[in-house]
Structures are given as structure tokens and as C-alpha cells.
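Trainee: I am new to this structure. Please walk me through it, one question at a time.

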Amino acid sequence: MVASVVSLASSYIAVTSPSYSSSFLSKLRSAPSLRLSFTVSPLCSRRGRHMAHTIARATLGLTKISPAFEAPKLTFATKEIDVTEWKGDLLAVGVTEKDLAKDQNSKFENPILKKLDSHLGGVLAEVSTEEDFTGKSGQSTVVRLPGLCSKRVGLFGLGQSATSTASFKGLGEAAAAAAKTAQASDIAIVLASSEGVSEKSCTASAIASGAVLGIYEDNRYKSESKKPALKSVDILGLGTGPELEKKLKYAQDVASGIIFGKELVNSPANVLTPGKLAEEASNIASLYSDVLSAKILNEEQCKDLKMGSYLAVAAASANPPHFIHLTYKPPGGPAKLKLALVGKGLTFDSGGYNIKTGPGCSIELMKFDMGGSAAVLGAAKAIGQIKPSGVEVHFIVAACENMISGTGMRPGDIVTASNGKTIEVNNTDAEGRLTLADALVYACNQGVDKIVDLATLTGACIVALGPSIAGVFTPSDDLAKEVFAASEISGEKFWRMPMEESYWETMKSGVADMVNTGGRQGGAISAALFLKQFVDEKVQWMHIDMAGPVWSDKKRTATGFAVSTLVEWVLKNSS
């Protein structure tokens, strides 16, 4: 509760020109002792005369956000009943291309489809033929016909086979979207064939997660919006019992974390300032105070810790930096492992003096440059509800803005990170790694065993892997196996990239320990090699470049990427 008050108060403290300069920061070499207490500068301090300006910045455009976040309220139930006897608004049937096979009389061979079609007088088979529905992934057709207890029947394509989490999650999303269109209040989801489904509880969980995400729509910044009519979802044919109910609860907890992450990324920079992000983080800790605690470090405290690299990025902005540290401690005993999740937290990135310009620079989307922190805080929200045992987790975000002003970091400046290493800034638009440098040093100082950092770090990774796949960089094969095993369950896409040490030659400086960016070639790799300089060799570490999958150009909204994988990874490390 104290964390929330301090965070909220500090978000209204105006920022002025930092009293330090890049040259001063480059002299800060001694390793500090950690000071994690909350102190807020009084309003009559040197910042006070700029308060009116900062409040104006904080309310720029008078845009208001909804007062509280709420995930869609859905009731889930698992049932083992005949599909023709289910009563409700929409019966959604997931079908593969193989399920749509027909006999010589143009009748379905699949038992469930055959039974449904017989009750509908063969109309379902006719509709699938007339609308050229072949069961390909993404296809769907919904019909309203008399003859069944359900008002509507929908066929939803799963592709050639349905064995992956992504397929089943997609089915839940598509069914919920169809329910939204039809204003249906209750639906049932069933698979035409459970062939290839090894773990029915995981399949039901994926469908439930998809349904929650499918019904969700971020309308916080729209003048008018409709609340979805969908209230209940029945999952048929995948078993019943307390273990399955537990899985469905887990799916809803993770989905709430994903939605929270989406809302953070969707929020514009005139609403989600570094102070507001810290406030949201503190609110999570207050909500799950039995297992989570929050520490928000202000600028002065970060100076005491000699975070010169991070503070140099924040120097130009009228909105002060906030260093966020949430700690999860398991109930009922000490932790056997300590983990850290570190997220890049640039609530807006102008590029600094190397300003983003020209076609494709995407400066209008740079609110999503805090996507790594959204994944970390979304995972914190989910883990606060799930409460895994045997593992302690630190959620760390160095939140700030990268802006332009007379106090800002300049190309050619030399800054010093909290581990004493010096960095020649040859590009102010390679700022994320500068903030992560001090965040990673801080994470190592918590005595953690493993660190995963996440960042919308490089356009080079998007060029290499496209918009849907995140790049993974780690020297640890064991850690790579853990995270990729978690991603198999979550259904999110990652690809391991090389840590080519010879590329470090491009990162050498003539006057400092390193520069902050190398050449265009292999830019995602050299960025990962840069981050490696700030991680203790004894700590297993992974860097995830999620610049591509953080945002959906098609839907023009955030994806909530990586939250589910992070939660799965934490659970795999719990007892």
C-alpha cells in the first residue's frame, strides 16, 4: 500500500534539468550498496518551480483512461453431453480439413458432424459446400437454422490437423468473436474430432484462454463502446472434474495478465508516463499483497546506485524516470530458485537527437517501446493470482522516455553504467539497451539464478524474423530449452539466434569501453552482445527481442506477446 502512495505522489513531482551531466555520470565508477527505501522529494525542492509544466504534460490532450482494468467476466463449464442436446445461442464446432470428408452421398463421415447434420436435414453439409468451407485455419461459417436446441451452429476451421496450443486458442478466439457479432450470451465449443489431442485439460485451457481474449476489446479511449453480451462458455467433450476446473481458472488468470499487458502497450504516451507505469505496477503489488511487494526508485535513488546509463536516456524528458521493482515471494515456505524478469520500459521513444524520421520509422507507434515491461508486469499480475510455490521472482523495469531537449543525451557522450563500464553513445536511438544495462546489473545484485530480459530492441530482428516471431539470444542451452518448452505450451513463437562473438568488434570504442550500437549488419546480435556485458557470468541469462510480435498491424493493437510464455517458464521453475 505504501508503494502505491509513493508511486502516485512521485508521478506528480515535476522534472527539471538533471543536476548531473554525461561527463559527471562518466565519473561514477564505484559500485554502490543497494538502497531500496522509498523517498519522495518534497514539492518545495528544486523541482517545485516546474510543477505546473509537468502537470500540463501529464494531462496533454485531456485524454482520460477508464478508472479500473477489468478482464471480461466469463463463466466456464465443462460438460459431457450430446451436442444435439446442448441449449444456448451458439454451438461452435472446431473442424479440421480431414473432419469435413464426405461419403459418396455427400454426407459427413465424422460422427459429430454427421449427427448434427442429420438433425438439420443435411443443410450443414450443403452450406459447407456452397460456401466453400474446407476447414482451413481461419475459415468459419455460422448458420441459424431450426432443428437443434442451439440457435446457431458454427464451423470453425483448424487446418490440416489440430494439435497445437495456438490452434485451440485460435478456436476459442474465433468462437468468441462470432458470439460478439451475433450478440450471443452463451456458447458451447466442441471439437469434431479429438484425434491428436494428448492432454485434454491443456486443450480446454487453451480454448478458454482464447475465448477470454476473443471477447476482449480495448475501448478505454473510445467515446462510445458496447459491452459484450457473452456471459458463459461451455466446453464439451474434453472431460470434467476439479483438475480441469483448476486448468480453466489458470487460463483465466493468464488471460487477465495478457489483457493487462495489452492495455499498457495500447495506452498513449500522454497517458502512460513513466510515473503512471510505476503506479500501475504498484497497484498490482497492492492487489496481491500477500505475495507481491513493490519498490519504486526515484531519480535520486537511481543516482545513488550510479545508474548513469539509464539516467542519461531519461535526461531530456520533463517526465521523471521511475525504476520499478516488484518481488514475488511464494506462500508457505522459502524459494529454491530466484528468477528475474527484466522489461524495457520506454513509454515513448522519439529517438533522441538521432530522431526517428522518414517512411517506416514508426515514430507514431513508439508508445509500444515499453512492450517488454508490459510483458513483465502482465506476467506479474498472472503470477500474483496463480501463486506458484518454490520460486522467487523479481520483476524489474527501468521506465523513462527518450526525448529531445537541451539537457538530453547527445551523440558522442560517454556515460557510465552501474557496473562501472563506460559507453560511448554513437546513436541516441539505441537507447533501450542503455536502460537495460543498469536494469540487468540491478537484477544480478538481487542474487538471482536466472534472468530473462524482454525488449522491443531492434528493427534488425523484425527484418530477420518478421512480425510474428521473437528472437532469442542466450549463451545457456539449458535456459533455452526451458523457455522453448514453455513456449510450446503457450503457443507463442520464438527462434534462437546466434551469439556471434566476432561481431563484438563492431561495438568497440576508441575512447570508452564500448559504443552502444554497431553497424547495420547483424544489429540484433550486436545488441544482445552489448547486454551481455552487464550480466554476471554466474547467472543464466536470456535476451528476447520482441520488436516484431509486440504489435499487430492488421488489428492495429497490442498483442500481449510473451506474458503466457513467461508465466509457463516461472511455473516450470517452481516446485
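Mentor: Start with a term. Buried means under 20% relative accessible area, exposed means over 50%, and partly exposed lies in between (1.4 Å probe, protein chains only). This is a predicted model, where local features need pLDDT of at least 70, side-chain atom pairs count only at pLDDT 80 or more, and totals for chains, interfaces and linings use all residues. Residues are numbered from 1 along each chain as its sequence is written, and side-chain values use heavy atoms, with hydrogens and water left out.

Trainee: Is Glu 280 buried or exposed?

Mentor: Glu 280 sits in helix α9, residues 274–287. Helices (H or I, at least four residues) are DSSP runs, numbered from the N terminus. The relative accessibility of Glu 280 is 18%, so Glu 280 counts as buried.

Trainee: Which residues does Glu 280 touch, leaving out those up to four places away in sequence?

Mentor: Contact means heavy atoms within 4.5 Å. By that rule, Glu 280 touches Phe 260 and Leu 264.

Trainee: How does Lys 180 count by relative accessibility, and what is the value?

Mentor: Lys 180 belongs to helix α6. Leaving out residues up to four places away in sequence, Lys 180 touches Gly 214, Ile 215, Tyr 216 and Glu 217. Lys 180 counts as partly exposed because its relative accessibility is 25%.

Trainee: What span does helix α6 reach from its first C-alpha to its last?

Mentor: Helix α6 covers residues 165–182, which is 18 residues. The expected span of a helix is 1.5 Å times one less than its number of residues. For α6 the expected value is 26 Å, and the helix comes close to it, reaching 26 Å.

Trainee: How are α15 and α17 placed relative to each other?

Mentor: Helix α15 (residues 477–490) and helix α17 (residues 563–573) pack at about 120 degrees, their axes 8 Å apart. Axes are lines fitted to C-alpha atoms, for helices over the stretch in contact, and angles run from 0 to 180 degrees between N-to-C directions. Under 35 degrees is roughly parallel, over 145 roughly antiparallel, 65 to 115 roughly perpendicular, and the rest oblique. So α15 and α17 are oblique.

Trainee: What share of the chain counts as buried?

Mentor: The chain has 17 helices and 19 strands (E, at least two residues). Of its 575 residues, the buried share is 57%.
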